[in-house]
Amino acid sequence: MAAPETSDRPLRGVAMDETERDEFLRERGIGVLSLASEDVAYGFPISFGWDGDHLYFILLQFGEGSEKLDYAATTERATFSTYNFEDEHHWRSVVARGPIEAVSADETDDVTETMFENAQFASLFPHGEPITDQPRYRLVPEELTGQKGQGHDA
């Protein structure tokens, strides 16, 4: 198999501004949340909601124990990433880092509303159907970066 043709011109990636990053997070709805316990990392795909300040997650658990909840309890600083890939020259990605915390019971409705506004859910929970008895968390971004591919320099 031959390698794809490449140009001698360098690929460009540029930072997204705050408006582009916010719009991308509101439209994307899925990504990877990475948690850690001591020296063991645990990353998993997850739906998310973005309210302009925080990323919200519902940590789905099935059965008795929950590895996700165990890791969430021990993670001091989580990393979340989401991206799309149109082609090798046009892509967007956002990475957020910060503490992850359980959402209090009195905030549950706000989290659910944010999730239904812009999260993408698997068919386990059809749109409009309440998600009950599943723990809700938020990531408080201390770092939030976005990059986008712009193709080749002219």
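Select Phe-57 and Phe-80. Both are buried, meaning under 20% relative accessible area, where over 50% is exposed and the range in between partly exposed (1.4 Å probe, protein chains only). The two rings form a tilted aromatic pair, 5.4 Å centre to centre with 55° between the planes. Rings of Phe, Tyr and Trp (its six-membered ring) pair if their centres lie within 6.5 Å; planes under 30 degrees apart are stacked, over 60 edge-to-face, and the rest tilted. Phe-57 sits in strand S5 and Phe-80 in strand S6 (residues 78-87), so the pair links distant parts of the chain, 23 residues apart.

This is a predicted model, in which local features need pLDDT of at least 70 and side-chain atom pairs count only at pLDDT 80 or more, while totals for chains, interfaces and linings use all residues. Residues are numbered from 1 along each chain as its sequence is written, and side-chain values use heavy atoms, with hydrogens and water left out.

Tyr-42 and Phe-44 are both buried. The aromatic pairs come to four.

Now switch to cartoon. Helices (H or I, at least four residues) and strands (E, at least two) are DSSP runs, numbered from the N terminus. Two strands pair if DSSP finds at least two bridges between them. Select S2 (residues 30-37) and S3: they pair antiparallel over eight bridges. Gly-31 stands opposite Ile-46 in S3. S2 and S3 form a hairpin with two residues between them, and Glu-38 in the turn has a positive phi of about 55°.

Move to the open sheet of four strands, order S4-S5-S9-S8, with antiparallel pairing. S4 and S8 stand at the edges with a single partner strand each, so one side of each has no neighbour in the sheet. S4 and S5 pair over two bridges. Gly-49 has Tyr-56 in S5 as its bridge partner.

Which residues of H3 are buried? Select Val-111, Thr-112, Thr-114, Met-115, Phe-116 and Asn-118. The buried residues of H3 pack against helix H1 (18-28) and strands S3 (40-47), S4 (49-50), S5 (55-58) and S9 (136-139), where contact means heavy atoms within 4.5 Å.

Time for charges. A salt bridge is a side-chain nitrogen of Lys or Arg within 4 Å of a carboxyl oxygen of Asp or Glu. The count is eight. Select Arg-77 and Glu-142: their side chains meet in a salt bridge, 3.2 Å from N to O. Arg-77 lies in the loop between helix H2 (67-74) and S6, and Glu-142 in the loop between S9 and S10, so the pair ties together parts 65 residues apart in sequence. Then select Arg-97 and Glu-143, whose closest N and O atoms are 3.6 Å apart in a salt bridge. Arg-97 is in strand S7 (residues 90-98) and Glu-143 in strand S10, so this pair ties together parts 46 residues apart in sequence. Show Arg-77, Arg-97, Glu-142 and Glu-143 together: they are linked in a network of salt bridges.

Last stop: Lys-148 in strand S10 (residues 143-152). Is Lys-148 buried or exposed? At 17% relative accessibility, Lys-148 counts as buried.
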